[in-house]
Amino acid sequence: MRTPPDEVVVAIAVDPHHRGIATYGWAVSVDMAERYVRCILAHVLPGGTCERRGPMNWLWRSGSDGPEDMRAFDCALHDVAGVRVSDPECTARFIDVRMGIVHRSVVQATPWDVDDLVRVADVALHEAIAGGGAVVVAQPGTVEHFIARGEMAAEVAAAADADMFPLFQPIVSLSGASLSAAAPHGRGLHVTGYEALLRWRRNGEPVGPDVFLNLLELSELIVPVGRSVIGRSLDVLAGPVTEMLGPAAFMSVNLSAAQLRDRWLVDFLRESLADRGLGPARLWVEISENAVVAEGSVAAEVICDLHEVGCKICVDDLGAGVGALGYVRDLPIDVLKVDRALVGRMPTERTDRAVVRAICDLASASGVITVAEGVETEQMFSMVEELGFDMAQGYLFGRPGELG
Ligand code: C2E
Ligand code: CA
Ligand code: CA
């Protein structure tokens with residue numbers, strides 16, 4: 001049985017990562033892109049209209065009588081996404097192509113006009129460029145998801161700095177020789193510092209980073225937002241925290257991979273500390289073990305410089321990913337924070353307990369401070385104490401809240 005003709009839109013980006021431009025130069029790459037569309041793509045796209053949207057971008061529309069065999073059409077485009085193109089001297093050059101395809105019959109959007117289909121093709125193209133594959137075909141669910149994410153990204157981008165603010169969660173010392181005299185939790189436990197945790201005030205309600213952090217990271221907005229939040233956290237350290245806990249208390253801040261690529265971060269932190277008369281050891285910076293830091297990268301340089309300045313370097317979420325212990329060997333690490341999921345499994349899982357014991361032994365042998373995250377119950381607390389952790393953090397001692 002023949003399927004009725006479909007309506008299709010294809011958004012095409014040639015050399016989206018500028019690999020060709022970096023290799024062959026701008027003029028040659030634009031020429032290659034034109035040849036590609038004229039000599040290769042044109043044979044695969046049946047009829048329709050192909051409009052140039054920019055030097056390296058095209059948009060093809062089938063009109064209302066699109067290809068009959070949808071699979072064959074998608075497959076043919078996929079087959080010409082990775083190709084070599086020859087110039088007039090017959091020199092073969094590579095060309096990267098990404099395409100986003102939308103079939104009206106797949107997204108089942110009969111009332112939509114063609115501009116909506118173009119938007120969806122662009123969403124699919126975005127997904128392809130972001131690593132989803134050379135050719136991405138829009139699916140009904142993912143389209144709504146991506147459009148909702150786009151709207152949320154716009155909302156996060158428009159949020160004022162004042163709507164992004166830190167809350168502070170206490171970190172308690174488990175050793176008798178605590179750094180401060182404040183003991184809000186009985187049993188001689190002492191708060192030694194706080195972790196600053198970012199919140200977004202959205203429609204009057206604070207929302208946690210799981211909703212928006214990734215969007216701030218993708219747009220690199222985490223760099224200015226992070227600076228503003230660190231500045232405010234240091235104000236709180238210099239003011240109420242020092243008043244409550246004395247001059248040895250610390251503030252721990254989280255840094256995303258994008259913030260670690262910021263070469264000017266070290267100067268910013270050095271000046272921010274000096275402006276407030278704070279010693280550098282009072283600032284802890286937390287780097288998630290998932291933010292893979294390659295030796296020789298800008299991030300590794302930033303970490304070494306921060307250590308040189310005197311800030312404390314913490315590996316965060318230890319045990320949530322892989323390969324974290326390499327950090328201890330390759331980078332100047334002062335603190336290991338064991339991930340909440342791993343801490344949570346300790347009471348029931350013997351192997352997890354053994355892993356944590358090994359981490360604590362390694363840390364104590366190398367003079368590294370250990371912090372257990374996510375301590376919620378008395379049972380977890382006793383285990384953490386018995387394993388010899390130096391510090392602990394979790395709802396048992398206090399939730400993130402305002403200070404001052
Ligand atoms: P994280 O650094 O691992 O922070 C600890 C998270 O665990 C926080 O979630 C905290 O509220 C939560 N938590 C603390 N104690 C407990 C407990 O006993 N039980 C449970 N179930 N949860 C507990 P939050 O605030 O939602 O932050 C999530 C993540 O967002 C953080 O994980 C951190 O990676 C990131 N983040 C937070 N603030 C910032 C920031 O200012 N900059 C950057 N770059 N990342 C941030
Ligand atoms: Ca953290
Ligand atoms: Ca953590």
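Modeller: Donors are N, O and S atoms within 3.2 Å of the metal for Ca. The model is predicted.

Colleague: Which residues are the protein donors of the calcium ion (ligand 2)?

Modeller: The cut-off for Ca is 3.2 Å. Protein donor atoms lie 2.1 to 2.3 Å from the calcium ion (ligand 2). They belong to E195 (OE), N254 (OD1), E286 (OE) and D316 (OD).

Colleague: Which residue bridges the calcium ion (ligand 2) and the calcium ion (ligand 3)?

Modeller: The two calcium ions, ligand 2 and ligand 3, lie 3.9 Å apart. Distant parts of the chain are linked here, with E195 in strand β8 and D316 in strand β12, 121 residues apart. The residue that bridges the two ions is D316.

Colleague: Which side-chain contact to an oxygen atom of ligand 1 does D316 make, and at what distance?

Modeller: A polar contact is a pair of N or O atoms within 3.5 Å. A polar side-chain atom of D316 and an oxygen atom of ligand 1 form such a pair, and their distance is 2.9 Å.

Colleague: How much of the accessible area of ligand 1 does the protein cover?

Modeller: R199 places a polar side-chain atom 2.8 Å from an oxygen atom of ligand 1. Y395 uses a polar backbone atom, 2.8 Å from an oxygen atom of the ligand. On its own, ligand 1 has 790 Å² of accessible area, and the protein covers 82%.

Colleague: Which element gives the largest share of the shell around ligand 1?

Modeller: The shell has 21 residues. At least two residues each come from β8 (190-202), α7 (209-218), β10 (250-255) and β12 (312-318). The largest share is four residues, from β8.

Key:
Residues are numbered from 1 along each chain as its sequence is written. Chains are lettered from A and ligands numbered from 1 in the order in which they are written. This is a predicted model: local features need pLDDT of at least 70, side-chain atom pairs count only at pLDDT 80 or more; totals for chains, interfaces and linings use all residues. Side-chain values use heavy atoms; hydrogens and water are left out. A residue is near a molecule or strand if one of its heavy atoms lies within 4 Å of it. A polar contact is a pair of N or O atoms within 3.5 Å; within protein, one must be able to donate a hydrogen and the other to accept it, and residues adjacent in sequence count only if both atoms are side-chain atoms. Accessible areas come from the Shrake-Rupley method with a 1.4 Å probe; for residues, only the protein chains shown count as cover. Donors are N, O and S atoms within 2.8 Å of the metal (3.2 Å for Na, K and Ca); water is not among the atoms, so sites may look incomplete.
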